[in-house]
Amino acid sequence: MGADRRYAYGAAAGLLGDLLLGDPRRGHPVAVFGRAAGAVERVLWRDHRGWGALHALVCAGGAVALGSVASRAVRTSPAASVALTGAATWAVVGGTSLVREARGIGRALEAGDVEAARVRLPHLCGRDPQALDADGIARAVVESVAENTSDAVVGALVWGAVGGVPGLLGFRAVNTLDAMVGHRSPRYRRYGWASARLDDLAGWPGARLTAVLAALSGPDPRGAVGAWRADAAKHPSPNAGPVEASFAGALGVRLGGTLSYGGRVEQRPVLNPEGRDVTTRDVERAVRLSRRVSWLALGVTVAARLVATRLVAKGRTS
């Protein structure tokens, strides 16, 4: 069994495992990595970009190295290789947790319990829930579902197809580091710069694939493409912009506008301004679109790896 088929079987098994099992309640590998990265930060932290770059190199490089060692250890056993890829995929993708949290908030909103929705919102995103009404919470959920479809699922599948288990672990490490130190607080404005820029680079291909698949599989492909082309570049994030704009156009809603993070009010550009206001029912529509995009991304990335492997093999024999 070739490495491309091992990856295909393992990635499919891992994504299915996430669908059926979700994240473990205790001892999640990403949480273990986060604690290790926090320990490294306590040793290295200085208010300096260079020390932050070293932190990113040690943590992300360590994850890639661990994946490489594990892959080499099982390379002679197809079954073990498939199992390792499946376990790594299950560990790094978070589609089911994303869906669970989004639907939990959606159910609270549908029941008219806005306070319960506010309590759950911080599990999904960093908005100030007390500043939001029901429709504002629904908009925050739709935006988070869109962005995290790329960050929690599609981006990992892209890098898994490129680099196998080391690619899977490396992408999740970079994404986790960005969440930990990549924000512009006084402590991390310089120290987290390298992690934030590395996350932008790592997330670039997954974000574009997510936007393409949202346009192809959403209710309004033309609207998705139009919103992406017109509004994505206005977003302050180079990767969240295409994804959120494509979701907005596909669902026919407006995203962006006034946001509140940690008591700080931020005015974001409106994405798909011709769309309507987000309502509670759009939460489930966004979740279903996210699921379609995730499974399509598995098919596309696996097919791309298979084709690339065949082309490389053909080139070597010609």
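Which residues does Glu244 touch, not counting residues up to four places away in sequence?

**Entry 1. Basis**

I worked from a predicted model, in which local features need pLDDT of at least 70, side-chain atom pairs count only at pLDDT 80 or more, and totals for chains, interfaces and linings use all residues. Residues are numbered from 1 along each chain as its sequence is written, and side-chain values use heavy atoms, with hydrogens and water left out.

**Entry 2. Glu244**

I looked up contacts, meaning heavy atoms within 4.5 Å. Glu244 touches Glu143, Ala146, Glu147, His235, Leu255 and Leu271, not counting residues up to four places away in sequence. I placed Glu244 in helix α10 (residues 240-251); helices are DSSP runs of H or I with at least four residues, numbered from the N terminus. Glu244 is buried yet has no salt bridge. Buried means under 20% relative accessible area, exposed over 50%, and partly exposed in between (1.4 Å probe, protein chains only). A salt bridge is a side-chain nitrogen of Lys or Arg within 4 Å of a carboxyl oxygen of Asp or Glu. The nearest side chain of opposite charge is Arg268, 5.4 Å away; Lys and Arg count as positive, Asp and Glu as negative, and His and the chain ends are not counted.

**Entry 3. Helix α1**

I found Gly10 in helix α1 (residues 3-21). Gly10 counts as buried because its relative accessibility is 0%. I noted its contacts with Val82, Thr85, Gly86 and Thr89, leaving aside residues up to four places away in sequence. The cover over the buried residues of α1 includes α4 (78-92), α5 (95-110), α7 (134-181) and α11 (281-317). After α1 comes Gly22, with a positive phi near 70°.

**Entry 4. Salt bridges**

I recorded a count of 14 salt bridges. Arg310 pairs with Asp4, their closest N and O atoms being 2.4 Å apart. Arg310 lies in helix α11 and Asp4 in helix α1, so this pair ties together parts that are 306 residues apart in sequence. Asp4 is buried, at a relative accessible area of 5%.

Arg187 and Glu41 also form a salt bridge (3.0 Å, N to O). Arg187 is in the loop between α7 and α8 (193-217) and Glu41 in helix α2 (residues 29-44), so the pair ties together parts 146 residues apart in sequence. Arg187 is partly exposed at 36% relative accessibility, whereas Glu41 is buried at 7%.

I then looked up Glu284 and Arg288, whose side chains meet in a salt bridge (3.2 Å, N to O). Shared partners join Arg103, Glu284 and Arg288 into one network of salt bridges.

Notes: Helices (H or I, at least four residues) and strands (E, at least two) are DSSP runs, numbered from the N terminus.
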